[in-house]
Amino acid sequence: MSLQDSNPGTADTTTNGNAEWLENVTYDELRIGQSARLVRTLTQRDIQAFAAVSGDINPAHMNPEFAQGTQFHQVVAHGMWSGALISALFGTQFPGPGTIYLSQDLQFTKPVHVGDTLTVTATVAEKDDARHRVIMDCEVTNQLNDIVLKGHAKLLAPTEKLRVQRVNAPLIALYDPEARHQQLLALGKDLEAVRCAVVHPCDAGSLRGALDAANLGLIVPVLVGPESRIRQVAEEAGLALDGIEIHSTEHSHAAAALAADMAARREVEMLMKGSLHTDELLKAVLAKPELRTGRRLSHVFRFDVPAYAKPLFITDAAINIQPTLGEKIDIAQNAIRFVQVMGVATPKVAILAAVETVAENMPATLDAAALCKMAERGQIQGGELDGPLAFDNAISAEAARIKGIQSKIAGQADILLVPDLESGNMLAKQLEYLAGASGSGIVLGARVPIALTSRADGPRARAASALLGLMVAHDERKKQTSNALKKG
């Protein structure tokens, strides 16, 4: 903090956000007319952070569409955000450490918008020597010198000179799972819903997930399973099945077989797992030659991770237990094509292992090196591959730099290709339960995509998986049209 005389009896305190120490102005040092100021520019993140810590999610602050209909015609800052700047000035600079904030009256005169630069000024108006109390005149102006806030504050000023080491505020990582979910669903806004066989939806979660996906315009659900049981689940869960197509079967095995048969006859373009075992459904799919593509079935998770700048795809964490090198080729190629469908032209693939060097006693590192060489020679197409990479090197360019690893993938990975199902499954669950990631998944390698939901999945994850299936189904349509034109 620095004090500079600007005219007789007046001083101006300017903010130094990089100062290592906070030093106060004691009651005896304060003079009538002495002032201090603080400057801050409002960002959208400020509004989001203030809403997060205060719980004030007034749509005038959070919803641009709603805000357009208000008298301000755009999002405005919370009034108390500006008020909080006054408190910051008192607590950190003027008078600074040791100040006790007693009362404040505020008058809000103009709205504050994103991008506005506010100057907060506090001026000593009165002093009470008996009680060491100070009345401050407070004024907040924007970059146009318009007053947006004014008022008076009553403070108990410090009497002891203090110099306190500055403590930086913790970083707030803003993550809005609903906003990320809506961005994902927006990828399918111009795509026609596809007929989807929902296999054995005999629990409330899977049935509700299918109906939610239908309401979002992602699928036209075709329920396959014991009709009486499905209707009982719907009744108990308060779900309406009016107009929903149902194909009744005796049990889950029969439901899987019938759904696979419908897909083979192209009566449906997508399958969605209900409350049956995954292997039941996949065995039924593999039993149909018409559904085979010559490529191995594999699963891809898509995660929105709060601490990662873009969607992260993990494969294979659900189907292939200990894939061979040959099987990893298919797993990689399935994932690359899928991520291209999701909008990434050349996906970056990090092939994970426990270490980033090739070691003969660690098969995952040998497979990684071989896969990279295959990609160089065109045996794996469409993506950039690097490996072996440890997890930290794959997602952090800084970690790779510290370890001296030269890699175009480090810190930029789109796809994490895991060594085996166990490591992939643990990684996926850690991202979800420890890192707060939002996940969805799809099975690839067949003629139709298979949304492979879990019993623990909530409505958002089930809808997201349906969206992934919709994207793949429309890509399959394009391929079929292209092949037909070539043959014609």
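Predicted model: local features only at pLDDT ≥ 70, side-chain atom pairs only at ≥ 80, totals over all residues.
Strand β6, made of residues 117-128, pairs with strand β7, residues 133-141, in the antiparallel sense, and 9 bridges join the two. To find this pairing in the structure, look for Thr119, which stands opposite Thr141 in β7. The hairpin of β6 and β7 has 4 residues between its strands, and His132 takes a positive phi near 55° in this hairpin.

Strand β7 also pairs with strand β8, residues 147-156, again in the antiparallel sense and over 9 bridges. Here Arg133 stands opposite Leu156 in β8. A hairpin is formed by β7 and β8 too, with 5 residues between them, and Asn145 in its turn has a positive phi of about 65°.

Attention now turns to the second largest pocket, which holds about 840 Å³ of space. Its lining consists of 38 residues, and those nearest the pocket centre are Leu452, Thr453, Ser454, Arg455 and Asp457. Both helices and strands contribute: two or more lining residues come from each of α5 (177-186), α9 (278-286), α14 (421-433) and α15 (459-487), as well as from β14 (298-304) and β19 (438-444).

Key
Residues numbered from 1 in each chain as written. Heavy atoms only, no water. 1 Å grid on protein atoms, 1.4 Å probe; cavity = no way out; pocket = protein on both sides within 12 Å on 5 of 7 lines; lining within 4 Å. Points joined across faces, edges and corners; volume = space filled by probe spheres on them. Pairing = 2+ DSSP bridges.
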